[in-house]
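Dear colleague,

My notes on its packing follow directly after it.

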Amino acid sequence: MSRAGADEEEYWHSSKFRAFTFDDEDDELSQLKESKRAVNSLRDIVDDDDDDLERVSWSGEPVGSISWSIKETASSSTSLLEGRDSSLQKGSSSYAALPKQASSYSLSSLFKGEVPHIQYGQMACLSLSALSDTGVKNYAPELRRPKAEYKDYSSDWSPKDTVRRMQRGKVCSLERFRSLQDKLVLLDEAVAGHDGNVITAVLIFLKRTLRREILFRELEVRQVALCHLIHFLKETGEQKLLLDLLRLCFFSLSLQLSQYREHLNIQDVEKRREFLKGCIGLPFSAEDTSHIQDHYTLLERQIIIEANDRHLETTGQSEIFRKYPRKASILNMPLVTTLFYSCFYHYTEAEGTFSSPTNLKKTFKIPDKQYVLTALAARAKLRAWDDVDALFTTKNWLGYTKKKAPIGFHRVVEILQRNNAPVQVLQEYVRLVEDVETRLNLATKYKCHDVVIETYRDLKDRIQLTAYKCKVERGSAEEEKINSILNNVVRN
């Protein structure tokens, strides 16, 4: 038994395999298995940016492969074990001898997805125990911002680009705009972008960085930005600044209006025209500036028409001026009066002439209702009933004609009656009134008997028709018409 036991003991001690020990840290095979398992899991975690570039180690194997990683780990583990054993034998003197330099690649660099640069003499090996102490965040690849994102914090953006990025919600610093000119350009770009939030943000920046007098002076000519600032001050409750701003705006507007009123004291037409031309540049609102521009254009047009018509009237070349002499000059008259004058004396002229009614309508954007009312009054005064008829006659794409009035035919009847239109003309337009009650009232008021009789006939109202018979003359055509209708009703 003792012999067998001795042989068994010798067998175990002479075997190339080692017995199981609890010291896993020095177990080379355990380290190799852990390394293999870690490298296998590495493929699901690491997104190698250099897939197209194949690295080859000194041994000829591709860098990053499993076999290469295991060999590298084994080499580093052996070096670490040899260094540890030599240090136990030689004591402190072993620190003078460095272990052989391993490859510059390690598992930690693989987990991070990058290759570290190891200087000469630096320890390249890394134990698995050190890996186990590393945080989880080091195993994932490092995510970087796109390079374009770093430009959000750049100070090289122009005012236009800054406004555009603010509209998209990007972070932009306005502190780089230091000069007054740059700040005003930034404000103009914000107003041109039509974004209220961006305009308010720029105004807050200007309110903080500009003196009150300068800010108010520049806002006088920027009405859109001024309205935004007034609304912002109301919302935030800054009453003192709001009152100062409103007081300055009121004073500025009063000054502009008083300067504009000066044209009333200028008697010479040419000087008044030049003065109005200068008033266009005053810092009015966009709407008021448009009105002043129309005023200047109208006076310029009136000067041309007046000179031409005075010549025609003096020489007697035009029949309408001989039949209807002018009672006053057209100079300095309102737009509606000028349109009436043009419809009265120049109704048939082509659109290309300054005195043409259609030219005035197009130039000053006169609404259809206003144009029809004015043209109707002018042509009815001349008793040009054919022109009145043509004014309301429209033709569809099939060639059929019908009458249509944008002002309502009840108003057409009233205007015609004021200009003493014949009953036949009145009755034609009274029949076109759609509302029955209004039609009966107008027909009764202006004694359009045929319309009243026809309306009661259509309503089959025998009582009203009999009552209306008493209002017409005996023996007249209207009475015979009523009797004929009543007899037909009785027979039916």
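In this predicted model, Leu376 is in contact with Val388, Leu391, Phe392, Ile407, Val412, Ile415 and Leu416, when residues up to four places away in sequence are left out of the count.

Leu376 belongs to the largest nonpolar core, which has 53 residues. Together with Phe392, Val412, Leu416 and Tyr429, Leu376 is one of the residues that touch the most other members of that core. The element that gives the most to this core is helix 17 (residues 368-381), with 7 residues. A separate core of 28 residues lies apart from it, and its members include Leu187, Ala190, Ile199 and Ile230.

Two helix pairs deserve a description. In general, the packing of two helices is described by the angle between their axes and by the distance between those axes.

Helix 19 contributes Phe409, Val412, Val413, Leu416 and Gln417 to the contact, while helix 20 contributes Val425, Leu426, Tyr429 and Val430. By class, these residues comprise 8 nonpolar and 1 polar, with no charged residue. Val412, Leu416 and Tyr429, which take part in this contact, are also among the residues of the largest nonpolar core that touch the most other members.

The other pair is helix 6 (residues 159-167) with helix 7 (residues 180-192), where the axes come within 9 Å and cross at roughly 45°. Helix 6 and helix 7 are therefore oblique to each other, and helix 6 passes helix 7 in a right-handed crossing. On the side of helix 6 the contact is formed by Pro159, Lys160, Thr162 and Val163, and on the side of helix 7 by Val185, Leu186, Glu189 and Ala190. This contact has 5 nonpolar, 1 polar and 2 charged residues.

As for the chain as a whole, its secondary structure amounts to 24 helices and 2 strands. The chain has 492 residues, of which 33% count as buried. Among contacts with a separation of 6 or more, 49% join residues 24 or more positions apart.

With kind regards

Methods. Residues numbered from 1 in each chain as written. Predicted model: local features only at pLDDT ≥ 70, side-chain atom pairs only at ≥ 80, totals over all residues. Heavy atoms only, no water. Contact = heavy atoms within 4.5 Å. Helix = DSSP H or I, 4+ residues; strand = E, 2+ residues; numbered from the N terminus. Nonpolar A, V, L, I, M, F, W, Y, C, P; charged D, E, K, R; others polar. Core = buried A, V, L, I, M, F, W, Y, C linked by side-chain atoms within 4.5 Å. Buried < 20%, exposed > 50% of the residue type's maximum accessible area, 1.4 Å probe, protein only. Axes fitted to C-alpha atoms, helices over the stretch in contact; angles between N-to-C directions. Parallel < 35°, antiparallel > 145°, perpendicular 65-115°, else oblique. Left-handed = near helix turned anticlockwise from the far one by under 90°.
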